[in-house]
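Let's take a friendly walk through this structure together.

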Amino acid sequence: DGVLRDAPSYTPRPAELADLELLLSGAYAPLTGFLAEDDVASVLRRGALVDGTAWPVPVTLAVPAEVAERLDPGHAMRRLLILTDPEGAPVAAVEATELSEVRGGWFRVAGPVRRVGAPEHGAFRSLRLDPAETRELLPEGRILGVIATRPLHRPQLAQIGNAARTIGAHLLIFVPVAGPTPEGLAPEVLVRTVLAARERLPSATVVAVPLASRGDEVRDGLLRARVAANYGATHLLSTGVAVGGGIRIVVPRDLAYDNRDGQWRPMDDIPPRRRRTAMSQGEIDDLLDRGSPLPEWHTPPAVAEELRRARPPRHNRGLVLLFTGLSGAGKSTIARGVGDALAESGERTVTTLDGDVVRRMLSAGLGFSAEDRDRNIRRIGFVAAEVARHGGIALCAPIAPYARTRAEVRAMVRAVGGDFVLVHVATPLEVCEERDRKGLYAKARAGQVPAFTGVTDPYEVPTDADLTLDTSKLTVDEAVDTVLDHLVAGGWLDA
Ligand code: ADP
């Protein structure tokens, strides 16, 4: 206990926490901990651990130097590392058997893990069953595993139902909840869509697992097969390559909708003029964006309702406008104009996060170093994303000189189901300096303002702007109208 209390603690990154959960639950059996360097190399080279056990992906943990410094695998009393969740509650202890530097100041910690404290699972706790609990629930006989990485529409439901009936299997549906779906839906939304589709399936057990894609189809397929087998699946529905691991792959057939009787059946069994193929993600998103209902021939109404709530029509959806550009470019002026127009129309609720006001309120005390600028933008991004989460519009007008930070804000907003519009106020430096509204350029040239964007600090010109405005060629009204037109054209505002 003394060792536990004195052990350093660390909050792993989300992907590592997801792996940790799978290690602790037995979903990654026979792995019992984070892999050592020779195992990592062996897995990458030949898909097996050093001892020959087939294993498809590296499962590793990296910690910063200040944590690594407090560990010594050679010392019984200095071997333990406590891993905590993002709130700081202990989740597990790693017994470090190896410590190796991987990149500038980061070290990999290998070693077995064990749970400390009760598992905490957040939303849909009742679905977070571990393999042993799940196997208890499953009936005898064949179990067909299905990894539901996306919402289940009628074509997928028919494929799953057909496959289960064909082999006479009970269904075990895995819902990956380690992060958003490929189309950007939050994991809770994915779970709700799967539960909404459940009544359209033969008998099924549903479990939520923090299983993430590694971006490699073959390795992902092998890992899924391994996890499914550990949960008790005898078969796995998968378009992927054949895999070992004690599980048989069932390849789904290509289905189409038969206009003659409203059933989904193998494409080749329907005359071409009588069939409709599944909608693409783009077509589905487009209907949702416009607020058009998803057709019943394609999507069960209960699933459509969950998707409609998660991706409301554009004119009700949260939106963040980030105006970026040099000081004096016109960001605040244009944002104010857009805000006034929105206030007059009353269509949407608006929060303005203007550069100078934010620096007085949210970011009081921060300076203009690269680090502080990033902190400032992240705070703005956080608040703006919360506004978007609740369906409002946030107008942000910081300089936001760095591309990476702007991309982070975009991702934060997307992660909560909001839309993001980057407006580059691309007024040339000479014009901004000429205006010198706040007298800052003169001071910067005189060396009185350190790290001034455009003068002594870089401005990274956006390559991903949705709108570019050069205010040396536009009046204020024209600039504001260009932004409003963009919002109407995109469907965020009514004409
Ligand atoms: P920023 O927020 O980018 O630092 P401000 O909006 O505070 O810039 O200042 C921009 C200055 O440029 C204001 O004095 C504004 O009146 C002037 N200006 C001239 N033409 C325009 C235009 N077309 N759009 C926006 N501002 C303009």
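In this predicted model, a backbone N or O atom of Thr475 lies 3.3 Å from a nitrogen atom of the ligand. Val476 also takes part through its backbone, with an N or O atom 3.3 Å from a ligand nitrogen. Thr333 uses its side chain instead: a polar atom there lies 2.4 Å from an oxygen atom of the ligand. Here are these contacts side by side.

| Residue | Atom on the protein | Atom on the ligand | Distance |
|---|---|---|---|
| Thr333 | polar side-chain atom | oxygen | 2.4 Å |
| Thr475 | backbone N or O | nitrogen | 3.3 Å |
| Val476 | backbone N or O | nitrogen | 3.3 Å |

On its own, the ligand has 570 Å² of accessible area, and the protein covers 83% of that.

Who else is in the neighbourhood? The ligand is surrounded by 16 residues, and the closest are Gly328, Lys331, Thr333, Arg437 and Leu474. Sorted by class, this shell holds 5 nonpolar, 7 polar and 4 charged residues. Helix α11, which spans residues 331-345, gives the most to the shell, with 4 residues.

The space in the largest cavity is about 50 Å³. Its lining is made up of Ser327, Gly328, Cys432, Asp436, Arg437, Lys438, Gly439, Leu440 and Tyr441. By class, that lining is evenly divided, with 3 nonpolar, 3 polar and 3 charged residues.

Now for two residues that are worth a look one by one. Asp470 is found in the loop that runs between β20 (467-469) and α17 (476-489). Is Asp470 buried or exposed? Asp470 counts as buried because its relative accessible area is 18%, which is under the 20% cut-off.

His235 lies in strand β11, which covers residues 235-237. With a relative accessibility of 8%, His235 is buried as well. The side chain of His235 is joined to that of Thr234 by a polar contact of 2.8 Å.

Technical notes. Residues numbered from 1 in each chain as written. Predicted model: local features only at pLDDT ≥ 70, side-chain atom pairs only at ≥ 80, totals over all residues. Heavy atoms only, no water. Near = heavy atom within 4 Å. Polar contact = N/O pair within 3.5 Å; in protein donor to acceptor, adjacent residues only side chain to side chain. Areas by Shrake-Rupley, 256 points an atom, 1.4 Å probe, with all protein chains shown as cover. Helix = DSSP H or I, 4+ residues; strand = E, 2+ residues; numbered from the N terminus. Nonpolar A, V, L, I, M, F, W, Y, C, P; charged D, E, K, R; others polar. 1 Å grid on protein atoms, 1.4 Å probe; cavity = no way out; pocket = protein on both sides within 12 Å on 5 of 7 lines; lining within 4 Å. Points joined across faces, edges and corners; volume = space filled by probe spheres on them. Buried < 20%, exposed > 50% of the residue type's maximum accessible area, 1.4 Å probe, protein only.
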